[in-house]
Amino acid sequence: MFKYTPLYANGKEPVIEEQDVYRIEIPYIPTLQGSDIDTTQKTTQKILEQIKLNPYISREEVAEVCGVTTDGIKYNIR
């Protein structure tokens, strides 16, 4: 864990706590690559446009217009 976690967690190391039981916390840093970043930016722009057109639009309506899931909308808004 100490060898590979920094490679996938942007240099952060796992935290190990020893009490009655072991607790291991492994940091997770999601990464987007190339076309994923472009797609995410385009989706975010579509979402913003829909909200500007109708500030009362529901997440489900935005998802339908943008062609993504409601979870995808939630992810992009966050």
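This is a predicted model: local features need pLDDT of at least 70, side-chain atom pairs count only at pLDDT 80 or more; totals for chains, interfaces and linings use all residues.
The largest nonpolar core consists of six residues, namely Ile47, Ile57, Val62, Ala63, Cys66 and Ile73. Helix α3, which spans residues 59-66, makes the greatest contribution to this core, supplying three residues. When neighbours within four places in sequence are set aside, Val62 is found in contact with Ile47, Gln50, Ile57 and Ile73. In soluble globular proteins, nonpolar side chains tend to be buried together.

Ile73, a member of this core, also belongs to helix α4, which covers residues 70-77 and in which the buried residues are Gly72, Ile73 and Asn76. These three residues lie on the same side of α4, because the arc that they cover around the axis is only 100 degrees. As a general rule, an α-helix has 3.6 residues a turn, so residues three or four places apart point the same way.

Turning to charged side chains, a search of the whole structure identifies two salt bridges. In one of them Glu17 is paired with Arg23, with 3.3 Å between the closest N and O atoms, and in the other Arg23 is paired with Glu25, where the closest N and O atoms are likewise 3.3 Å apart. Through these shared partners, Glu17, Arg23 and Glu25 are joined into one network. In general, side chains of opposite charge can pair when their charged atoms come close.

Definitions and conventions. Residues are numbered from 1 along each chain as its sequence is written. Side-chain values use heavy atoms; hydrogens and water are left out. Buried means under 20% relative accessible area, exposed over 50%, partly exposed in between (1.4 Å probe, protein chains only). Helices (H or I, at least four residues) and strands (E, at least two) are DSSP runs, numbered from the N terminus. The arc is that of the directions from the helix axis to the C-beta atoms. A nonpolar core is a set of buried Ala, Val, Leu, Ile, Met, Phe, Trp, Tyr and Cys residues joined through side-chain atoms within 4.5 Å. Contact means heavy atoms within 4.5 Å. A salt bridge is a side-chain nitrogen of Lys or Arg within 4 Å of a carboxyl oxygen of Asp or Glu.
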